[in-house]
Amino acid sequence: MLKAMSLVLICLSALPIFCQSTSGYQLGTITAVAPHQNAAGSDPSVASYDVSVKVGDTVYVVLYTPPLDSGTVKYAAGRDLLVLVGEKTITFNDQLGTSSEVPILSRTKVATQSNPAPESPQQQTPIKSAALVGLPGVKENTEGTLAVEGDKLHFSCSKGASDIAVSVMDDVVTGDDSQRVIRGTLGTISRFGPYGSGTFLSLFRSKVDTLTIQYRDADGGLHGVVFTVPAGMAESLKKELIPQGAHTSIPIQTETGTD
Amino acid sequence: MKHLFRYATALCLFTAMLCAASLLHAQRNTSKIKASAIKVEMIESDEIHLPAEFQVALYENLIQQLEQKGNSWRVYRDGDRDSANIVDLVVLRSTVRGFRQGSEKARDVTTVAGATSITVHCQFTDNHGKVLLERDINGKVRFFGGNLKATYDFAKKVATVAQQNFSGTEQAVEKLAFQSPI
């Protein structure tokens, strides 16, 4: 008897699960309302609206025709409502509880926190770099940062900045090299260290990539620039520049190092 | 009387030296080729594989050194449309004849090995392609510095050769003075 009672109680406790709505209604927000452009041949006296409703990470544009042509829908942006998203239609309940079904004109995925948009090349983080030769307005062997910003390659250092438009790049070539870890004035002094310590310090070297760019100015004059970037970064920069309109004499797949 | 003769001889010698010096100076000036502008063409390396960074560094250093040393002519880049109308334009064509890429590490450690050297055939021609001067000039880095320093050495030598053989016109000097921001 006790066992039977337990079984009945368990079944009763599970009952609310089946009572819950399985209709699939979701919370949507009206983000925009615009008058619908009537197609040729349609009745111009009937006012219709393109209503944008955001449900989750998708914005649906639906065609809504108010039954009484009250025009209040024009001011509905920002309002929340429960919607049932179908394959071609969206069903919603108005304030009086009347259910209406409207056709979906388009659907667009938007970026959300859970579904971030793919990072564009414009937002690339700057790479530590050195402009070896040829960059206008920048002294030779100047250290700074290099980044692809929009449609230009931007080099900035403590004493200024310089840009090269990607569209005028005739040739982008990468190579590799190595350099002393201790460079600059300290590096020069360290060469004269006693008991061969300068020579010993020369053995500590870091690998670098070279990025060589040839481009033309407004008068058609040919310019060349050589940058060094950390090992492995030149190729990724080149891969960003080529789709944006830069040219190369060596395709990315077959390119080899030059050291 | 004896002193007068001595002074007269000294004066004659001094006058003769002055005349000779001015004549030599005039001769040196007339031997230079007049050029109001030099157009530098991109470095060619058909027979020898030259890495792109060396090719660009040679070209850019060449332009920089010619601008620095030759203050009486204007330097144009390869493809510059403004150079088309210049009558006494000199075109510099450079072809790589030899290249040996050394190693900075080997230079630092051994001080005798790892030198980088580039030999370039430089041809100065006029607007119509007539050769005015041609030389084989090399650039080297033996001890300190990266491999690209050889391109700087080469550019300095070419600029010196150009300075010794070409002189800018007064018109070019005026033009340069007008363009100067100072």
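How many residues does the contact take from chain B and from chain A? The contact takes 22 residues from chain B and 24 from chain A, where two residues are in contact if their C-beta atoms, placed from the backbone, lie within 7 Å. This is a predicted model, in which local features need pLDDT of at least 70 and side-chain atom pairs count only at pLDDT 80 or more, while totals for chains, interfaces and linings use all residues. Residues are numbered from 1 along each chain as its sequence is written, and chains are lettered from A and ligands numbered from 1 in the order in which they are written.

**View 1. The side of chain B that touches chain A.** The elements giving two or more residues to this side are α2 (52-69), β3 (74-77) and α3 (104-110) of chain B. Helices (H or I, at least four residues) and strands (E, at least two) are DSSP runs, numbered from the N terminus. With seven residues, α2(B) gives the most. The residues of this side divide into 10 nonpolar, three polar and nine charged; Ala, Val, Leu, Ile, Met, Phe, Trp, Tyr, Cys and Pro count as nonpolar, Asp, Glu, Lys and Arg as charged, and the others, Gly among them, as polar.

**View 2. The open sheet of chain B.** Five strands follow the order β3-β2-β4-β5-β6 with mixed pairing, two strands being paired if DSSP finds at least two bridges between them. The edge strands β3(B) and β6(B) (131-141) each pair on one side only. Strands β5(B) (116-125) and β6(B) are antiparallel over 10 bridges, and Cys122(B) stands opposite Arg135(B) in β6(B). Helix α2(B) lies across β2(B) (37-40) and β3(B), at about 170° to β2(B). Axes are lines fitted to C-alpha atoms, for helices over the stretch in contact, and angles run from 0 to 180 degrees between N-to-C directions.

**View 3. The open sheet of chain A.** Seven strands follow the order β10-β9-β8-β7-β13-β12-β11 with antiparallel pairing. Each of β10(A) (160-165) and β11(A) (169-180) has a single partner strand, so one side of each is left without a neighbour in the sheet. Five bridges join β8(A) to β9(A) (152-157), and Ala147(A) stands opposite His154(A) in β9(A). From chain B, α2(B) packs on this sheet, touching β7, β11, β12 and β13 of chain A.

**View 4. The loop residue Asn141(A).** Asn141(A) lies between β7(A) (127-133) and β8(A) (142-149). Asn141(A) has a positive phi of about 55° although it is not a glycine. Most residues other than glycine have a negative phi.
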